[in-house]
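Here is my notebook on one structure, kept for anyone meeting it for the first time. Follow along with the picture and the sequence open.

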Amino acid sequence: MKHLLFFMSLCIAFVGCSEGDDNQRPTSSNCDMNVVLSNAQFQNAPADQISIDELIIDGDCLKISFSSSGCDGNSWEVKLIDSETIAESFPPQRDIRLSLRNIEVCQAIISKEISFDISNLQVDGNQVFLNIANNGARILYEY
């Protein structure tokens, strides 16, 4: 019953989002969320402790498995943010980071996986390196 109430609340929250909140609503693809394109948010969004465990690109979705301390992770606010800069290399490179706002004070380690639609990170050509600022990892996105 608790899970059903949480799911219904989540659905209502997504339907009630304003037009300016497109980056946090479900995408039209099979991904869970969209990437936020904002240098200001890249620099200033919450940066609570997070460990990125795995990165996988599946089509236009970047699946990120991550963990942090918390009670259950249900109150976490997670965003994938692009810096809006493109390094002119071959292939080109973009800097992104996973932002976490975590207000939970429990000491358990919670793991989650969220996928992000990265199709708006495409540049000229057919590939781009995505540099993950959180952990120094880099993954090649081919399209």
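**Salt bridges**

I began with Asp58 and found that in this predicted model Asp58 forms a salt bridge with Lys63, with 3.5 Å between the closest N and O atoms. I count a salt bridge when a side-chain nitrogen of Lys or Arg lies within 4 Å of a carboxyl oxygen of Asp or Glu. Are the two partners buried or exposed, or in between? Asp58 is partly exposed at 45% relative accessible area, and Lys63 is partly exposed too, at 27%. My cut-offs are under 20% relative accessible area for buried, over 50% for exposed and partly exposed in between, with a 1.4 Å probe and protein chains only.

How many salt bridges does the structure hold? I noted three. Another joins the side chains of Glu77 and Arg101, at 3.1 Å from N to O. Glu77 sits in strand S5 and Arg101 in strand S6, so this pair ties together parts 24 residues apart in sequence. Glu77 is partly exposed at 45%, and Arg101 is partly exposed at 34%.

I then looked up Asp82 and Arg94, whose side chains meet in a salt bridge at 2.8 Å, N to O. This pair links distant parts of the chain, with Asp82 in strand S5 and Arg94 in strand S6, twelve residues apart. Asp82 is buried, with a relative accessible area of 0%, and Arg94 is buried at 7%.

**How I read the model**

Residues are numbered from 1 along each chain as its sequence is written. The model is predicted, so I kept to these limits: local features need pLDDT of at least 70, side-chain atom pairs count only at pLDDT 80 or more, totals for chains, interfaces and linings use all residues, and side-chain values use heavy atoms, with hydrogens and water left out.

**The overall layout**

I found two helices and nine strands in the protein. These are DSSP runs numbered from the N terminus: helices are H or I with at least four residues, strands are E with at least two. Along the sequence the pattern reads α-β-β-α-β-β-β-β-β-β-β. Of the 143 residues, 38% are buried.

**The five-stranded sheet**

I traced an open sheet of five strands in the order S2-S5-S6-S8-S9, with mixed pairing. Strands S2 (36-37) and S9 (138-142) are at the edges with a single partner strand each, so one side of each has no neighbour in the sheet. I call two strands paired if DSSP finds at least two bridges between them. Strand S8 (residues 127-132) pairs with S9 in the antiparallel sense over five bridges, and Asn131 stands opposite Arg138 in S9.

Which peptide bond is cis? I found the one from Phe90 to Pro91, with omega near -10°. Pro91 lies in the loop between strand S5 (77-87) and strand S6 (93-101).

Glu84 belongs to strand S5 and is partly exposed, at 48% relative accessible area.

**A charged patch**

My last entry is a negative surface patch formed by Asp32, Asp53, Glu54 and Glu113. Patch residues have over 30% relative accessible area and no salt bridge, with like charges joined within 9 Å and nonpolar side chains (Val, Leu, Ile, Met, Phe, Trp, Tyr) within 5 Å. Glu54 is in strand S3 (residues 51-58) and is partly exposed at 41%.

Methods. Accessible areas come from the Shrake-Rupley method with a 1.4 Å probe; for residues, only the protein chains shown count as cover. Lys and Arg count as positive and Asp and Glu as negative; His and the chain ends are not counted. The place of a charge is taken as NZ of Lys, CZ of Arg, CG of Asp or CD of Glu.
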